[in-house]
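I opened a notebook for this structure and wrote down what I looked up, entry by entry. The structure comes first, then the entries.

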Amino acid sequence: MDISENKVLIANRGEIAIRIVQACRKLGVGFVCVYTAEDARSGHVRLAEELGGSACLYRIASYHDANEILSVADTSGATAIHPGYGFFAEDYRFARRVTQRERGIIFIGPSWRVIRELGDKINTKRLARSLGVPTVPGSDRPIYAELEAEELARSLFDFQTQQGIKNPLVLVKASAGGGGMGIEEVHDLDLFRSVYRRVRNYAARQFKDEGVLIEQRIRDFNHLEVQILADRNARNIVHFGTRNCSIQSTGLQKRLEVAPGFDPASVVYNFDADRLLEDIIRHSLALARKVSYDNVGTWEWIVTREGQPYLMEVNTRIQVENGVSAAISRIKGREPSDGTDLIAEQIRTGLGDPLGYTQEDISFHSMGIEYRIIAENPDNGFAPWVGRIEKFSWNPAPWLHMHTHVPTDAPYDIPTEFDPNLALGIVWGKDIAEVKQRGLEFLESLRLEGSTAKGEPLQSNLAFLKKKTLDILKF
Amino acid sequence: MDISALLEEIKASPYVESDIAVPHCGVVRFNSKLKAGDKLSGPRGQWKELLGTLLADIERERCLKNIYAREKGELVSINYELAGKFVEAGAEIMHVRHFMSRNEVLQTLLRHSLFLFNAPEKAKYYFVPNIDVKVKNTGAQSVSVHDGMELFIISRMKRETTLRYTGPDGVIYAVYFDAEHHVAPGQPLIGVCPPAQLGQIEDVFMRVQTEWPED
């Protein structure tokens with residue numbers, strides 16, 4: 001079956017839904033979108049209506065309702081489901097159900113067995129340790145008992161003291177969490193119990209699972225990622241380089257990502273950065289081969305100031321920040337003007353097309369930054385701002401991709417039900433100096449205005465992003 | 001508050017009209033025994049364990065969900081053109097009306113009598129854990145509140161902050177939110193009864209008991 005005979009149901013919203021629609025169009029594949037009442041004015045709804053009419057648009061009650069998604073898939077004749085990120089993207093039960101039901105549908109993502117194996121942070125840690133891949137010291141299964149958690153925390157404090165760490169820290173994480181949600185650190189064992197209970201209660205409310213992970217908190221590190229892509233036969237596995245995602249909110253959510261992960265040509269590091277990047281790519285590919293990885297995925301690493309890498313987790317899905325890797329990479333035989341589109345590659349290979357190229361065909365040019373534009377107050381713990389956006393505009397440039405679901409020609413009320421990302425701005429340049437200069441130029445040109453019902457002005461992270469642009473890739 | 005005037009106002013217009021919308025998408029089928037003008041029964045029994053009149057069902061992915069009348073009343077109209085068709089979430093399938101129940105009248109009057117503490121912004125709200133336990137174990141009316149007390153957790157986009165109660169001291173008499181749904185700004189979260197107002201609230205109860213017909 002030619003991939004163009006497929007119709008993809010996009011089980012997601014906002015910016016990622018728009019990019020999937022655009023990728024489907026590029027590949028000549030049909031699409032169907034879903035939306036909830038809160039999203040009726042979202043850009044993905046408008047785009048779907050424009051490109052496919054009302055026949056490709058279905059209102060559902062919830063993006064979390066698998067029955068509804070599958071019911072729409074059947075009614076619309078969809079042959080594949082793209083989960084985007086969040087929602088069902090890393091739910092192996094959903095992926096298994098989609099493919100194994102009576103009217104089987106392709107799940108555009110890794111096979112359910114791979115998601116089950118790697119989607120669980122704890123299992124990934126175990127698997128990585130079996131391959132000699134370094135991981136962060138701490139629990140390798142979710143903990144539900146307070147006494148056990150406290151005992152583990154005590155041993156991690158002792159371990160760090162023995163290592164000569166002056167101010168040891170322990171991280172308490174909701175095991176079912178993600179995207180930086182439900183993570184707190186503890187500096188004193190006496191405070192552990194109250195933090196543990198807070199995270200456990202938060203996890204129960206938000207993720208319906210009280211499981212908690214306890215890890216050593218490694219400070220003074222950079223957060224790196226390796227972008228992997230493989231086709232369905234899992235023999236052709238390639239990487240699209242590294243990213244540095246160290247600039248985050250106080251809640252450990254990414255705000256600015258840079259590709260590649262380090263720039264030893266212009267920044268001095270305490271270690272051999274080229275070699276470190278090679279090492280984490282090699283480890284990531286080894287783990288991908290071990291589990292027969294068969295779609296896109298991201299291997300997340302932390303790297304200490306001394307250059308020690310630790311594998312944190314594998315995200316078995318497309319990442320928000322995929323575009324910045326795509327912006328700096330080229331595939332041999334394709335027009336540079338086409339650029340690389342990792343979402344289109346994910347759909348194409350997910351539908352069964354062979355990869356069609358090898359690692360030697362992928363080259364990396366320039367440097368890229370992705371900015372996450374968010375209505376929030378960085379000076380108050382990155383508290384989300386909720387209200388109406390009245391003006392949203394920027395100056396287009398040949399070195400800029402802007403992805404957003406926020407309309408630029410009509411007011412937009414920010415829904416409180418979903419993650420607060422408003423837009424992703426991706427810029428690239430020939431080196432770090434040029435990409436910084438272009439990044440600042442883009443941010444300067446951005447107009448984001450609005451107000452709450454009480455008339456209070458919109459708050460955003462633009463000043464934070466400008467300030468942090470100057471510090472990219474530095475420890 | 002002039003309870004008599006309010007009661008008279010309600011008595012002058014004692015019906016509530018509403019649309020029945022499907023909770024999610026799927027194929028809808030109507031109860032073939034029903035037609036416009038039919039009487040509907042609402043949930044009954046000590047714990048409302050007896051369901052109201054079956055209005056329709058909706059099926060998605062072989063999961064059938066029945067849609068029942070939520071109030072005793074009358075069926076005004078049915079959107080027959082949707083019968084047997086796949087409908088989107090929120091599609092309106094019927095129009096009904098019902099005579100206000102004693103509890104509805106009481107709640108309406110209470111909203112005018114109690115001190116209402118409103119949601120400052122659109123979000124999900126929870127009681128802080130120690131209050132939540134108390135509400136679940138012994139009921140909201142066992143919880144005393146005072147000005148400045150940390151009472152709620154506000155959750156927006158999975159980010160949580162606490163919210164302090166501001167208003168007169170008293171007991172929580174009514175809770176208007178649940179953890180599953182967002183509350184719009186300005187909508188009440190709780191109704192608080194200050195001790196000095198207890199007599200007035202008892203009067204409201206008495207008036208409704210004596211002046212409003214049985215459900």
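**Entry: Asn118(B)**

I looked up the contacts of Asn118(B), taking contact as heavy atoms within 4.5 Å. Leaving aside neighbours within four places in sequence, Asn118(B) is in contact with Gly186(B), Gln187(B), Pro188(B) and Leu189(B). Asn118(B) sits in strand β9 of chain B, residues 115-118. Helices (H or I, at least four residues) and strands (E, at least two) are DSSP runs, numbered from the N terminus. The scale is: buried under 20% relative accessible area, exposed over 50%, partly exposed in between, with a 1.4 Å probe and protein chains only. I also looked up the C-alpha atoms of Asn118(B) and Gly37(B), which are separated by 39 Å and lie 81 residues apart along the chain.

**Entry: what kind of model this is**

This is a predicted model, in which local features need pLDDT of at least 70 and side-chain atom pairs count only at pLDDT 80 or more, while totals for chains, interfaces and linings use all residues. Residues are numbered from 1 along each chain as its sequence is written, chains are lettered from A and ligands numbered from 1 in the order in which they are written, and side-chain values use heavy atoms, with hydrogens and water left out.

**Entry: where chain B meets chain A**

How many residues does each chain bring to the contact? Chain B brings 24 residues and chain A brings 36 residues. Between them the two chains bury about 2,600 Å², 51% of it on carbon and sulfur atoms. Buried area here is the accessible area (1.4 Å probe) that two parts lose on being put together, summed over both. In chain B, the residues that lose the most area to chain A are Glu61(B), Met157(B) and Arg159(B), together 30% of what that side buries.

I then looked up the charged pairs. A salt bridge is a side-chain nitrogen of Lys or Arg within 4 Å of a carboxyl oxygen of Asp or Glu. The count between chain B and chain A is six salt bridges. Glu61(B) forms a salt bridge with Arg97(A), with the closest N and O atoms 3.1 Å apart.

Which elements of chain B give two or more residues to the side that touches chain A? They are β12 (150-156) and β13 (159-164) of chain B. β12(B) gives the most, with three residues.

**Entry: Glu68(A)**

Glu68(A) is in helix α3 of chain A, residues 66-76. Glu68(A) is buried yet has no salt bridge, and the nearest side chain of opposite charge, Arg60(B), is 5.7 Å away. For charge, Lys and Arg count as positive and Asp and Glu as negative, while His and the chain ends are not counted. What lies by the polar atoms of this side chain? The backbone nitrogen of Cys25(B) is 2.7 Å from one polar atom of the Glu68(A) side chain. The backbone nitrogen of Ala61(A) is 2.9 Å from a polar atom of that side chain. Beyond neighbours within four places in sequence, the contacts of Glu68(A) include His24(B), Arg60(B) and Ala89(B).

**Entry: Asp39(A)**

Asp39(A) lies in the loop between β2 (30-35) and α2 (43-52) of chain A. Asp39(A) counts as buried because its relative accessibility is 0%. Its side chain makes a polar contact with the side chain of Tyr63(A), at 2.6 Å. A polar contact is a pair of N or O atoms within 3.5 Å; within protein, one must be able to donate a hydrogen and the other to accept it, and residues adjacent in sequence count only if both atoms are side-chain atoms.

**Entry: salt bridges within chain A**

A search of the whole structure finds 50 salt bridges over all chains. The side chains of Arg46(A) and Asp409(A) meet in a salt bridge, at 2.9 Å from N to O. Arg46(A) is in helix α2 and Asp409(A) in the loop between β20 (400-404) and β21 (412-413), 363 residues apart. Asp409(A) counts as exposed because its relative accessibility is 56%.

Glu146(A) forms a salt bridge with Arg197(A), with the closest N and O atoms 2.9 Å apart. Glu146(A) lies in helix α7 and Arg197(A) in helix α8, so the pair ties together parts 51 residues apart in sequence.
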